[in-house]
Amino acid sequence: MKAKPLSIADPSSKRYAYRISKEENRKQSKHVAFDNIDEEDTKSNDKKIDLPKKKFYRQRAHSNPFSDHQLEYPLNPDAMDWSKLYPYYYDSDKKEMTKNVTIADIGCGFGGLLVDLSPAFPEDLILGMEIRVQVTNYVEDRIIALRNNHKAENKYQNISVLRGNAMKFLPNFFHKAQLSKMFFCFPDPHFKQRKHKARIITNTLLSEYAYVLKEGGVVYTITDVEDLHHWMVKHLEEHPLFERLSKDWESQDKCVTIMRNSTEEGKKVERKKGAKYIACFKRLPNPI
Ligand SMILES: C[S@@+](CC[C@H](N)C(=O)[O-])C[C@H]1O[C@@H](n2cnc3c(N)ncnc32)[C@H](O)[C@@H]1O
């Protein structure tokens, strides 16, 4: 069954009540660095927060990447307030972030990759970008719960999620050469020929990805749709700023292992014993 937007959902339904309560919690906890709350708050915040339940965040599977979506985005990367997403990494004396985002999961879905990358890359800030509002809310609630439930060890402070359309606004968020890794895990296949232009890997978009990736940075792709795999490989191979990494390289890279197993789509494919096609590409230096 398709989820209705909150405003027109039945106010007497369980889903409506759940979403309202989570929205309240999000408002209160979203921008909180859990080590900064004072003692009184700590007592009342000592409770574990339940991980969100997916069934309350259902939304139609596809979102049109060309429509407006009334998204908010910064005019340029310097106008972006990252302290709200990663409060633990904000130095309030110097009024600046102590780290920048270096890893992006494009179309992060329900956030499984972010959660598994977090302990694997404790020195990096990792961002999921997701176009669907309820799915983004789910990931926010998941991260709030994980941060709260692991606040003694300050875990999961280095992951966050942003509602955004990666096909439109990426250079508004990231500086040139800011990123070291970009993940495209099980992107929407847009099977019909006339819909191919909605695919997240195209010549034009690859130039934007190359702009925000640093030299030597890596684009990771994985899909269960063979045709889409060939499409992504073809476009990346044709692009002058990317070079395919070998199967040997893939077998030794820890991100490949993580991305193969940790995303929700990946797990679904695993359960169905489907194939997973992987291709990774290195960002080449700009030609002189
Ligand atoms: C098939 S799902 C895969 C989700 C996740 N990567 C995984 O492997 O479980 C594709 C996701 O990309 C999101 N998406 C599609 N186009 C997008 C865009 N232009 N910007 C951001 N997210 C997008 C969709 O909403 C969806 O959640």
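In the predicted model, 31% of the 288 residues in the protein chain are buried. The secondary structure of the chain amounts to 10 helices and 9 strands. Among contacts with a separation of 6 or more, 79% join residues 24 or more positions apart.

Seven of the strands, in the order β5-β4-β3-β6-β7-β9-β8, form an open sheet of mixed pairing. Its edge strands are β5 and β8 (242-244), each of which pairs on one side only. From one strand to the next, the twist averages 20°. Helix α7 (residues 226-238) packs on this sheet and touches β7, β8 and β9 (277-283). The direction of α7 makes about 15° with that of β9. Strands of a sheet pair through backbone hydrogen bonds, in either the parallel or the antiparallel sense. For β6 and strand β7 (residues 213-223), the sense is parallel, and the pairing extends over 6 bridges. Leu179 has Leu213 of β7 as its bridge partner.

The largest nonpolar core comprises 57 residues. Those with the most contacts inside this core are Ala104, Met182, Phe183, Phe184, Val219 and Tyr220. Helix α4 (residues 133-149) gives the most to the core, contributing 6 residues. When neighbours within four places in sequence are left aside, Tyr220 is in contact with Lys181, Phe183, Phe184, Cys255, Met259 and Cys280. Of these partners, Phe183 and Phe184 are also among the residues with the most contacts inside the core.

Helix α3 (residues 112-120) has four buried residues, namely Gly112, Leu113, Leu114 and Leu117. The elements that cover these buried residues include the strands β3 (101-106), β4, β5 (159-163) and β6 (179-185). The helices α9 (254-262) and α10 are also included in this cover. An α-helix has 3.6 residues a turn, so residues three or four places apart point the same way.

The shell around the ligand contains 22 residues, of which Gly107, Gly109, Ile131, Thr263 and Glu265 come nearest. Two or more residues are given to this shell by each of β4 (125-130), α5 (166-173) and α10 (264-271). The largest share, 3 residues, comes from α10. By class, the shell has 11 nonpolar, 6 polar and 5 charged residues.

Two residues were examined for their backbone angles. Most residues other than glycine have a negative phi. Tyr156, however, has a positive phi, near 65°. Tyr156 is found in the loop between α4 and β5. This residue counts as buried because 23 other C-beta atoms lie within 10 Å, the threshold being 20 or more. Phe186, which is not a glycine either, has a positive phi of about 45°. Phe186 lies in the loop between β6 and α6 (203-212). Phe186 is likewise buried, because it has 22 C-beta neighbours inside 10 Å.

Notes
Residues are numbered from 1 along each chain as its sequence is written. This is a predicted model: local features need pLDDT of at least 70, side-chain atom pairs count only at pLDDT 80 or more; totals for chains, interfaces and linings use all residues. A nonpolar core is a set of buried Ala, Val, Leu, Ile, Met, Phe, Trp, Tyr and Cys residues joined through C-beta atoms within 7 Å. A residue is buried if 20 or more other C-beta atoms lie within 10 Å of its own, exposed if 12 or fewer, and partly exposed in between; C-beta atoms are placed from the backbone. Two residues are in contact if their C-beta atoms, placed from the backbone, lie within 7 Å. A residue is near a molecule or strand if its C-beta atom, placed from the backbone, lies within 6 Å of it. Ala, Val, Leu, Ile, Met, Phe, Trp, Tyr, Cys and Pro count as nonpolar, Asp, Glu, Lys and Arg as charged, and the others, Gly among them, as polar. Two strands pair if DSSP finds at least two bridges between them. Axes are lines fitted to C-alpha atoms, for helices over the stretch in contact, and angles run from 0 to 180 degrees between N-to-C directions.
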